[in-house]
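Welcome, and thanks for taking a look at this one. Please bring up the model and follow along with the helix notes below.

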Amino acid sequence: MQAAAARARRLLASPAASGIQGALSAPYRGCAAGAELVVLPRLDNGFPSSPHQARSFSSNLPRTLLLRTVTSHWQSKKPVRYHMSRAHLATESSDIDHPKESAEELYQKMLKSVEAQTMPPNAWLWSMISSCTSEEDIKLLFQILQKLRVFRLSNLRINANFNDHLCMKVSEACARVGVPDYGLKVLWNHNVYGITPTIGSAHYLLQHAKEHSYFKLMERIMQVLRRNSLPLQPGTADIVFSICYNADRWDLLSKYAARFVQAGVKLRRTAFDIWMEFAAKVGDSQSIWEINSLRGKSVKHYTLTTGFACAKGSLLEHKPENAAATIKLLYKHLPDQKKLFVRDELQKLVAEWPIEVIKRQKKDDRKAMEEALITDIPKMISSMAKSGLDISVDLDKLTRQPEAA
């Protein structure tokens, strides 16, 4: 044991172990076991790195002696603080602070790579897509996509298109920059860009059309979807119905609704809400019942919108008692938090809906509809009260409109 201790003292005093003192006095905080982890690498750096010599060192230096030496030195020093390397922490922030390359710069890099018969890294293409900020950038993007498509076919013998996610990001970039004409190119099955059309890509363009009230663009998108046999989805109907409603185009909504139904798309509650509310708005009671029948096959419960649309359908057919029964049944099955909004919807039915529906009728029919609604709506309110659903509304809002005369 004494011989081992002597060897240890000689080793610790040797130049190879000179890093121990620096390691122990360095700004690290931890326990004695943590100090050992700091010391051992410094000792390893001071000796040859071969496995044989490492085993020789560990066998000649008892672990308990080393721990005892380190612990006593650690305890004799004042508490120290732990500081991570500034360079290590700055790695990520330096990447963020690094100026982002423009789409044109990335285009030139990829072009040089292709001309050198080398496939550029995928990261460059992804970066270019996210860097597009103008129509000129989108033009360059489609140019490089075409060149990459040719390079993949001729040099790499890759016949497959780019993955679907990349294709959707291209469509998203076109919508973001505001060049939907380029975005339409990604919806064609046969294109020179290596892009596989998806309905998800179409949704980006449809959302752009909705945000800017471009119902003409929506029509073009829907036409391209039909020509390329892209499957319609419930989300597609939500966006299309919203665009038609906001554009006040009942004819378009009816046209595309029939197409979705024919394609077997399972419409969501949001789509039925828009569809039935619009039918009530234009005063088409027959459409209300047809849509409601379709709704009952896929959506179990009524919403405030669909329930009141049915009540309006009954009023359009001069059946105020049926309208009252519909609202009472709706109120009964609504969640408690939704029941609070029944009064607001009822007030809208009294004050706003008659004006809206009357002005959409033919001039010769407006007078008769106005007279009927002025008579039937109070009857509906009275019938609701008699059945136990007494909701106060301001019937003074239900007045004759000069423009309806």
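The crossing of H13 and H14 is left-handed, a label used when the near helix is turned anticlockwise from the far one by less than a right angle, with right-handed used for clockwise. Helices here are DSSP runs of H or I with at least four residues, strands are runs of E with at least two, and both are numbered from the N terminus. This is a predicted model, in which local features need pLDDT of at least 70 and side-chain atom pairs count only at pLDDT 80 or more, while totals for chains, interfaces and linings use all residues. Residues are numbered from 1 along each chain as its sequence is written, and side-chain values use heavy atoms, with hydrogens and water left out.

**The chain as a whole**

- The protein chain has 23 helices and zero strands.
- Of its 405 residues, 41% count as buried; buried means under 20% relative accessible area, exposed means over 50%, and partly exposed lies in between, using a 1.4 Å probe and protein chains only.
- Among the contacts in the protein chain with a separation of 6 or more, 68% come from residues 24 or more positions apart, where contact means heavy atoms within 4.5 Å.

- H13 covers residues 215-227, and its 13 residues reach 19 Å from first C-alpha to last, close to the 18 Å expected at 1.5 Å a residue. The expected span is 1.5 Å times one less than the number of residues.
- Leu217, Met218, Ile221, Met222, Val224 and Leu225 are the buried residues to look for in H13. They sit on the same side of H13 because they cover an arc of only 160° around the axis, the arc being that of the directions from the helix axis to the C-beta atoms.
- Turn to the other side of H13 and you will find Lys216, Arg226 and Arg227 exposed.
- The cover over the buried residues of H13 includes helices H11 (180-185), H12 (199-211), H14 (234-246) and H15 (250-262).

- Two packed helices are described by the angle between their axes and the distance between the axes.
- The axes of H13 and H14 come within 10 Å and cross at roughly 145°. Axes are lines fitted to C-alpha atoms, for helices over the stretch in contact, and angles run from 0 to 180 degrees between N-to-C directions.
- On the H13 side Phe215, Met218 and Met222 take part, meeting Val240, Ile243 and Cys244 of H14.
- H12 and H14 pack with their axes 10 Å apart, at an angle of about 20°. H12 is therefore roughly parallel to H14; angles under 35 degrees count as roughly parallel, over 145 as roughly antiparallel, 65 to 115 as roughly perpendicular and the rest as oblique.
- H12 contributes Ile199, His203, Leu206, Gln207, Ala209 and Lys210 to this contact, and H14 contributes Gly235, Thr236, Ile239, Val240, Ser242 and Ile243. The crossing of H12 and H14 is left-handed.

**A closer look at isoleucine 239**

- Isoleucine 239 is found in helix H14, and its relative accessibility of 11% is why it counts as buried.
- Not counting residues up to four places away in sequence, isoleucine 239 touches His203, Leu206, Gln207 and Lys210.
- Isoleucine 239 and alanine 271 are 32 residues apart in sequence, and their C-alpha atoms are 8.5 Å apart in space.

- Helix H18 (residues 304-316) has 13 residues and reaches 18 Å from its first C-alpha to its last.
- H18 is mostly covered, with twelve of its 13 residues buried; among them are Phe308, Lys312 and Leu316.
- Serine 285 lies in helix H17 (residues 285-298) and is buried, with a relative accessible area of 16%.
- Leaving aside neighbours within four places in sequence, serine 285 is in contact with Gly313, Leu316 and Glu317.

**Positive phi values to check**

- Most residues other than glycine have a negative phi.
- Arginine 157, in the loop between H9 (135-154) and H10 (164-177), has a positive phi of about 55° and is exposed at 62% relative accessible area.
- Aspartate 248, in the loop between H14 and H15, has a positive phi of about 60° and is partly exposed at 37% relative accessibility.
- Serine 229 follows H13 with a positive phi near 55°, and histidine 318 follows H18 with a positive phi near 60°.
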